[in-house]
Structure formats: C-alpha cells, structure tokens
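I opened the model to look up its overall size, its sheets and the packing of its helices. My entries follow in the order in which I made them.

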Amino acid sequence: MCGIIGYLGPRLAIPVLLEGLYAQEYRGYDSAGVATLEEGRLNVYKATGKIAELDKKINRQYGSATVGIGHTRWATHGKPSDINCHPHMDCHKHIALVHNGIIENYQELKGRLQQQGHRFLSDTDTEVLPHLLEESYQGDLLAAMQETCRQVKGFYAMLAICQSEPRRIVAARLDNPLIIGLGQGEYFFASDMAALIDYTREMIILQNGDIADVSDTGIVIYNQGQKVERSVKHIDWDKEAAKKGGYPHFMLKEIHEQPKVLAQTMNGRLKEDCQNIDLSELNLQKQDLEKVNQIAIVACGTAYHAGLIGKSIIEKLLRLPVMVELASEFIHKDPLIDERTLAIVISQSGETMDTLAALRVFRERGARVLAICNVVDSTIAREADQVFYTMAGPEIAVASTKAYSSQLMLLYMLTFHLAQILQRQNQQQLNAWFAAMYQLPQFAETLLAENEQTIQALAKTISSWEDAFFIGRGLDYAVAQEGALKLKEISYIHAEAYAAGELKHGTIALITDKVPVIALATQDSLLKMMVSNIVELKTRGAYVIALTKGNVPEVDQVVDAVIHLPETDELLTPVLSVIPLQLLAYYAALYRDCEIDQPRNLAKSVTVP
C-alpha cells in the first residue's frame with residue numbers, strides 16, 4: 001500500500017503535498033517524492049526513507065509551482081531506493097505519474113514498450129504507466145489515460161501531470177481508494193480523507209473505473225468513456241482526531257480513545273434503558289434471517305481476530321454454525337456458500353484487497369453480505385448489501401487498537417440484535433447483557449487509569465526478551481491471538497498464542513526459565529483449568545503475567561504478576577482484556593526504541609495482495 005497526494009489551485013503546491021504526505025505516512029514510509037509543474041517544466045524531488053528526508057532535501061525551496069503530485073511508498077516491486085521512488089516519468093520527462101496498487105501485466109507491457117524503444121530506469125511495475133501514457137499521448141492527457149487504463153491489468157489509484165498541459169491533473173481509480181477534495185477554486189487529491197480535512201470537508205470519492213479530468217475550469221468524471229456524476233460528500237470528522245493531541249504516539253492516543261469510541265459505537269443503538277438495541281439501519285428482517293443456515297466471517301489480521309470472538313458469541317447465542325476465514329485463504333478455496341449464507345466481512349479501512357475479493361465471491365454465490373468497517377463510502381461499504389459503521393474515527397497508527405474494540409462492540413450488538421429478532425435468547429438475559437455492555441466504556445476508562453503504570457513496569461521486564469507466549473481458553477484464546485500479534489508487530493518480539501489446553505501437545509517444550517507468558521484467565525467457567533495450566537508453566541520456570549477479573553486468589557497466588565480487570569459478564573470480557581495487551585505491546589516497543597506508529601515492513605491498509 002502507498003499514499004498519493006495531489007494539488008491544483010492558487011497555493012504553493014509543495015507545502016500542500018508535503019503536509020498531505022505526512023498525514024498519509026502510515027500508508028508507506030520507505031521513500032517519498034513529489035513532482036510539480038513550474039513555468040512549463042517538470043520538477044521532481046525524491047528521497048529514500050521517511051517524509052522528513054524528502055522535506056530535508058527540498059529544504060523549503062518551494063518555488064512558485066501551484067500544481068503537483070506526490071507519493072509515499074511501501075515497496076512491492078523494487079527495493080526502497082531513490083530510483084524506485086515515485087513519481088515516475090516517461091522517456092522525455094514530459095509526463096509524471098504516481099500510483100498506488102499493482103500492475104499485474106507489467107512485465108508483458110514493459111517488454112513491448114522496450115521493443116518500441118522506451119528506456120526504463122526502475123525495477124517497479126509502476127514505471128510502465130508513464131511510458132504507456134507517452135506512447136498514447138497526442139496532446140490530450142485524458143485520452144492517453146483512458147487508453148492506458150484499457151491496457152493494464154491489476155488495480156490502481158493514480159495521478160498524472162503533463163508538461164504540455166500545466167493546469168491539469170488526470171486521476172484514475174480501480175480497486176484502490178482515491179478522493180478529490182473541493183476547495184474554493186482549488187482541488188486536492190489523496191488516498192485518505194485524513195490528508196484533506198485541514199483544507200476541505202467537501203469530497204468526491206471516486207468509484208471503480210472512474211477517470212477524473214481536473215483543471216481550473218472544474219471536474220469532469222468518466223467511466224467506460226461516458227460522463228458520470230459523483231456526489232459530493234461532507235466529511236464530519238474532528239480535525240483533532242487525526243492529530244496526536246499531546247500523546248507521544250498515535251497508538252497510545254488511540255488506546256486511550258477506546259472508552260469514548262465504545263460509547264460512540266453504542267450511541268443511538270443501545271438504548272439508555274438497556275432494554276433494546278436498535279439496528280434498524282441494517283434492515284434485517286425476521287423472514288430473511290430465518291432462511292439463514294450458516295454465517296461466514298471473513299477478515300484479515302486484527303479484524304480476523306475480532307471475527308474469532310464473533311464466531312464464539314454467535315454460535316453460543318444463535319445456535320447457528322459460523323465459519324471464520326482469513327480472506328487471503330478464503331479467496332483461493334471453493335467455499336460452501338450459497339443464498340442461505342449470511343456473510344460478514346470486517347475491514348477497518350474498507351479497502352483491504354483480499355477482504356474485498358472475498359466479498360465479491362460471496363456476492364457471486366448469492367450470499368447476503370454485511371460489512372463492518374470504519375471508513376464511510378469505502379469500496380467494501382459500497383459493495384456490501386448492508387454496512388455497519390464502527391464510529392471509531394480516523395485510526396492512524398498501523399497497529400489497530402480502537403478499530404478492533406469497536407469491531408467487537410458491533411459484533412456483540414449484531415449478535416444480540418439477531419437473538420432478539422429470532423427469539424433465540426430470553427429477554428431477561430438479553431437485558432442483563434445490555435446493562436453490562438452499557439458499562440463497558442466506564443470500565444475501560446477505569447482499567448486504563450488503574451493499570452497503566454503497572455503494565456508499563458511489566459513491559460520493561462518483557463522488553464529484554466526475544467520470545468513471549470500468550471495462552472487462554474475459549475474467548476480468552478481469541479484475545480490471546482490478538483495480544484501476540486500486537487506484541488510482535490510493534491516491538492518485534494517473537495510472540496505466539498496457544499490454546500492453554502494444547503500446552504502438553506508440544507508447546508510446553510518451548511517453556512524455559514523466565515520466558516514470559518501472558519495468561520488470560522477471565523472466563524469463570526474455565527478458571528480451574530487455567531490455574532492448572534499456569535501451575536504447569538510455573539513448574540518449568542516461566543515468568544507468568546495473568547489477566548483476571550476482580551481479585552482471584554487462586555490465580556494471584558501462583559503467578560509473578562497480575563492485572564485485574566473490572567468485573568463484568570464473562571461473555572463481554574474480550575472488550576476489556578485486549579486493552580492491557582495493547583498497552584503491554586506499546587510500552588515494550590517504547591523500551592526497545594521501536595518505530596511504534598510505523599513498524600518496519602507494515603502498512604495500515606493492505607490494498608495489494
């Protein structure tokens with residue numbers, strides 16, 4: 001995944017481009033570049049490393065250009081280097097282009113273009129695009145872009161500028177996000193809304209196959225050669241939500257935002273009397289739901305771990321079989337899906353490539369698709385039958401925290417709502433769960449206030465090790481998997497999660513003196529078995545940190561350290577138990593001097609396979 005930015009208007013272009021790149025640096029940070037049009041010539045600046053390296057190279061020499069495009073890269077084809085950095089140009093340095101995505105037939109196109117005399121400088125797939133534009137260009141950049149899009153296979157969001165048409169930017173989008181912001185006589189382009197909200201709240205979200213021709217006279221959008229109209233959307237985000245707000249890292253800020261996000265996610269859906277959940281926005285009718293004979297949940301990474309929780313609670317409350325699949329695996333199978341399947345796809349960005357591909361498999365086979373995502377009008381949100389928004393606000397850190405907890409809340413609310421409609425649970429029990437759920441934001445606030453210093457001290461101990469293990473049973477095992485992911489992706493400590501009951505089937509061989517183990521013991525019905533597992537680990541010298549609800553003497557007495565969660569129904573504890581694990585990963589990474597918001601080799605939203 002990469003981030004692209006563009007500007008056309010009266011302002012100096014380079015400061016706008018740099019600010020937009022900084023706002024999207026979480027999308028890619030191994031190199032960056034900008035191209036501007038000034039006095040009839042193209043100026044290109046590139047630098048390997050983070051945006052600050054590009055900023056340093058430009059050294060405030062902004063010139064007078066008021067048109068430009070930029071790119072922050074997460075390498076797929078070609079290692080990070082100045083030569084592989086975007087923007088790329090044609091042979092005569094007449095056209096410059098930035099691109100997010102992958103051109104699948106680039107080798108075939110490159111071979112043909114080389115036979116026609118084109119000279120390539122980089123190892124990227126992207127470089128075929130400006131050469132295709134050059135080959136097709138006859139004085140009209142729009143026509144050249146339309147012809148280029150007809151020839152390429154793959155997916156893309158791209159911007160192109162041309163020396164001969166200095167007040168024009170042409171944009172194209174297929175399966176990668178691209179947004180146009182509308183100002184007063186000026187136009188902004190970005191992969192992400194967060195890059196534009198300092199300048200405008202009025203945005204056009206381009207759709208698949210759109211090619212936009214933007215000049216001082218306005219915007220004209222084409223799809224399959226025909227002019228189309230796209231609505232202008234007002235984006236109601238708080239500007240400060242996309243800034244650190246005094247925290248040293250976005251990740252820590254977003255962890256601390258979770259109490260507010262949980263409340264926002266429930267607001268208007270869970271009634272204050274805790275007697276009912278209103279999900280009329282989903283338009284799920286009893287007669288349709290009674291035809292459903294299975295539920296399929298598909299997601300990637302952290303969202304997949306949320307899906308594992310969803311499976312457990314849906315099967316428990318609805319008595320319907322649920323399969324949970326990694327989207328990257330699901331799309332290569334021949335799944336048993338038909339019109340009696342209710343599909344749930346989960347994606348923070350709404351643009352995750354594999355999850356989008358899975359959604360399309362569901363649609364082809366007649367399944368009804370419900371999307372859980374955080375970004376309004378994203379591709380997944382548009383292509384699903386219904387969309388359930390998490391209300392988490394912009395999440396900037398690569399490691400997902402508040403988006404995960406809000407996804408959990410939606411899965412709980414959805415399950416309770418379906419249980420009501422299908423009458424699978426008695427109302428008294430549902431009301432008890434509603435009341436417990438209503439308390440979760442306050443419990444999360446208390447958990448953060450009372451435990452953060454303790455967790456920070458524990459993280460210092462863990463940070464000196466290169467291995468850590470997480471164990472749990474039932475819902476705790478699913479949360480343990482998310483905890484292990486957080487620790488390894490942020491601190492680079494090797495971390496694995498295991499079902500506690502499987503320890504004797506090989507895993508316990510890895511336990512040696514002082515190896516840290518984080519043991520989740522929040523499920524009342526499984527507590528005795530968890531205590532037995534912890535004792536087995538302590539016997540072999542493990543350093544055990546336990547997570548429990550309230551004070552549990554039988555746990556406290558056998559572990560090295562314990563984090564106490566507020567007392568709540570065991571069904572709902574995953575919403576709370578993940579928070580200490582997020583903090584543990586954050587502080588371990590801090591002590592190891594890691595790049596917390598932008599861990600190596602990772603990007604926020606995976607829009608390439």
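I took the radius of gyration over C-alpha atoms, and for a globule I used the rule of 2.2 Å times the number of residues to the power 0.38. For 609 residues a compact globule would have a radius of gyration near 25 Å, and the protein agrees because it has 25 Å. The C-alpha trace spans about 75 × 55 × 45 Å along the principal axes.

The model is predicted, so I kept local features at pLDDT of at least 70 and side-chain atom pairs at pLDDT 80 or more, with totals for chains, interfaces and linings over all residues. Residues are numbered from 1 along each chain as its sequence is written, and side-chain values use heavy atoms, without hydrogens and water.

I looked up the secondary structure and found 19 helices and 25 strands (DSSP runs numbered from the N terminus; helices are H or I with at least four residues, strands are E with at least two).

Next I traced an open sheet of 8 strands, antiparallel in pairing, in the order 3-2-4-1-10-9-11-15 (two strands pair if DSSP finds at least two bridges between them). Its edge strands, strand 3 (41-48) and strand 15 (233-234), each pair on one side only. Strand 1 (residues 3-8) runs antiparallel to strand 10 (residues 187-190), with 4 bridges joining them; Gly6 has Phe189 of strand 10 as its bridge partner.

I then followed an open sheet of 7 strands, also antiparallel in pairing, in the order 5-6-7-8-12-13-14. Strand 5 (88-89) and strand 14 (226-228) are at the edges with a single partner strand each, so one side of each has no neighbour in the sheet. Helix 4 packs on this sheet, touching strand 5, strand 6 (95-103) and strand 7 (154-162) (contact means heavy atoms within 4.5 Å).

How do helix 4 and helix 5 pack? Helix 4 (residues 128-136) and helix 5 (residues 141-151) meet at an angle of about 125°, their axes 8 Å apart (axes are lines fitted to C-alpha atoms, for helices over the stretch in contact; angles run from 0 to 180 degrees between N-to-C directions). Helix 4 is therefore oblique to helix 5 (under 35 degrees is roughly parallel, over 145 roughly antiparallel, 65 to 115 roughly perpendicular and the rest oblique). I noted that Leu129, Leu132, Leu133 and Ser136 in helix 4 meet Ala144, Met145, Glu147, Thr148 and Gln151 in helix 5.
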